[in-house]
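Please keep the structure open beside the text while reading.

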Amino acid sequence: MKKNKWLKPRKPLNFLLIKPAGPDCNLSCSYCFYKSKNLLSFSPYPHRMTDDILVESLRQARVASTDALTICWQGGEPTLMGLDFFKRALELEERFCPGEKTANALQTNGLLIDKEWARFLKKNDFLVGLSIDGPKHIHDKYRCNAAGHGSWASVIDSAKLLLDKGVSVNGLSVITDYSVKFPREIYEFNMSIGLDHMQFIPCVDNYFDGHKLNSTFYPQPEDLGKFLTNIFDIWYSALGTSKQTFVRFFEDVFFKYMGLSSPDCSLLEECGNYLVIEHNGDVYPCDFFVEDRWLLGNIINGQIKHMLNSAMQNEFGKKKRTLPHNCISCQWLNYCRGGCPKDRLENTGLNHFCQAYKIFFEHADSRFKRLANQYEKP
């Protein structure tokens, strides 16, 4: 009897990103790339995941996963779903795999976080990614509501509430044409409010149906390079002290210096190692490519284990391998692998921030190697 090729999928699911409220958000950040997703053939506003889609998503995720499964709840703004939605999600996680822990993460702008939310997140060991761009003059430059009012004061209150309750919080800072001028100020601000886990996310041009988005907000590559080197110097000098911090990009790059696979998909040879489920059950290979071109199927009439190993998913993953000659001959290729495909220029295939990363690696290389030599390699 011929075996069903899907019984043991070649690639198991380890990470799943779920967007239960789709692109809906209670902010209207100027640089938001996800606003364009409202142009897709989604159901009319508001976008909300129904219980049947939630049930099927979590059931199939467990079928397709290994023992280790991480689910990140993102948006838009996922807390628009309300706390009861997430309580229901945890009930389902336990039902489909009793006694086996699923790691949950929540990415939020913090506006709806209150004491009840904080208690829930702490009790259930959520890792929270809190969007905060820095001090008020930086954060409120672009992170405003629909009326144009800044969100900094509310986010600070949420940060303090979460940290006071003992919730694990990462500060997520978008680096723009403005904030790139203030590396030390942003870093020291994060430290001052207790955010010693930081992620710096460069804002970049995005395209949707041929239309250019966010073109006025991205930092120039040379400026980003200087930003990263300044942050690196502060980070490196604090290693082994009481002021030591976690900066995701540096930690992820260090995996490469140790000869290990990086946790950051943008530093891998191929994409396609996770899936995104939209509020309506549509499945995509990446949250930066929620586009009709890359629709893998729908959770109601398809199977995650099939989509993860489908021809389209494999095609998407392998596209990252297609690099211009400048990348192939570059001394830093092993560390950056051309970066995230969303950042690649349409005309050349080069990463928009190529020069930034060259500046960074030239600056940090010797110290990364020194760190690697201090550890026993596998």
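In this predicted model, helix 6 (residues 183–192) and helix 7 (residues 221–238) pack at an angle of about 40°, with their axes 9 Å apart. On the side of helix 6 the contact is made by Pro183, Arg184, Ile186 and Tyr187, while helix 7 contributes Phe227, Asn230, Ile231, Ile234 and Trp235. Sorted by class, the contact of helix 6 with helix 7 has seven nonpolar residues, one polar residue and one charged residue.

Helix 7 also packs against another helix, helix 13 (residues 354–373). The axes of helix 7 and helix 13 come within 6 Å and cross at roughly 20°. Since angles under 35 degrees count as roughly parallel, that makes helix 7 roughly parallel to helix 13. This crossing, too, is right-handed. Among the residues that meet here are Leu224, Leu228, Phe232 and Trp235 in helix 7 and Tyr357, Phe360, Ala364 and Phe368 in helix 13. The residues of the contact of helix 7 with helix 13 divide into 13 nonpolar, four polar and five charged.

Helix 1 brings Asp51, Leu54, Val55, Leu58, Arg59 and Arg62 to the contact, and helix 2 brings Phe85, Arg88, Ala89, Leu92, Glu93 and Phe96. By class, the contact of helix 1 with helix 2 has seven nonpolar, no polar and five charged residues.

The table sets the geometry of these pairs side by side.

| Helix pair | Angle | Axes |
|---|---|---|
| Helix 6 and helix 7 | about 40° | 9 Å apart |
| Helix 7 and helix 13 | roughly 20° | within 6 Å |

Ten strands form an open sheet in the order 9-6-5-4-3-2-1-10-11-12, and the pairing is mixed. Strand 9 (246–247) and strand 12 (297–298) stand at the edges, each with a single partner strand, so one side of each is left without a neighbour in the sheet. Helix 5 (residues 152–164) packs on the sheet, where it touches strand 4 (127–131) and strand 5, and its direction makes about 160° with that of strand 4. Strand 5 (residues 168–175) pairs with strand 6 (residues 197–202) in the parallel sense over five bridges, and in this pairing isoleucine 175 stands opposite proline 202 in strand 6. Strand 3 (residues 103–108) and strand 4 likewise pair in the parallel sense, over four bridges, with glutamine 107 opposite glycine 129 in strand 4. Strand 4 is mostly covered, as four of its five residues are buried.

What remains is the backbone. Most residues other than glycine have a negative phi, and most peptide bonds are trans. Against this background, the peptide bond from glycine 75 to glycine 76 is cis, with omega near 15°, and glycine 76 lies in the loop between strand 2 (65–73) and helix 2. Aspartate 125, although it is not a glycine, has a positive phi of about 55°; aspartate 125 lies in the loop between helix 3 (115–123) and strand 4.

Arginine 337 is a residue other than glycine with a positive phi, near 50°, and lies in the loop between helix 12 (333–336) and helix 13. Is arginine 337 buried or exposed? At 16% relative accessibility, arginine 337 counts as buried, because buried means under 20%. Aspartate 125, with a relative accessible area of 54%, is exposed, because exposed means over 50%. Not counting residues up to four places away in sequence, arginine 337 touches Lys256, Leu267, Leu268, Glu269, Lys320, Leu323 and Arg344.

Conventions. Residues numbered from 1 in each chain as written. Predicted model: local features only at pLDDT ≥ 70, side-chain atom pairs only at ≥ 80, totals over all residues. Heavy atoms only, no water. Axes fitted to C-alpha atoms, helices over the stretch in contact; angles between N-to-C directions. Helix = DSSP H or I, 4+ residues; strand = E, 2+ residues; numbered from the N terminus. Contact = heavy atoms within 4.5 Å. Nonpolar A, V, L, I, M, F, W, Y, C, P; charged D, E, K, R; others polar. Pairing = 2+ DSSP bridges. Buried < 20%, exposed > 50% of the residue type's maximum accessible area, 1.4 Å probe, protein only. Parallel < 35°, antiparallel > 145°, perpendicular 65-115°, else oblique. Left-handed = near helix turned anticlockwise from the far one by under 90°.
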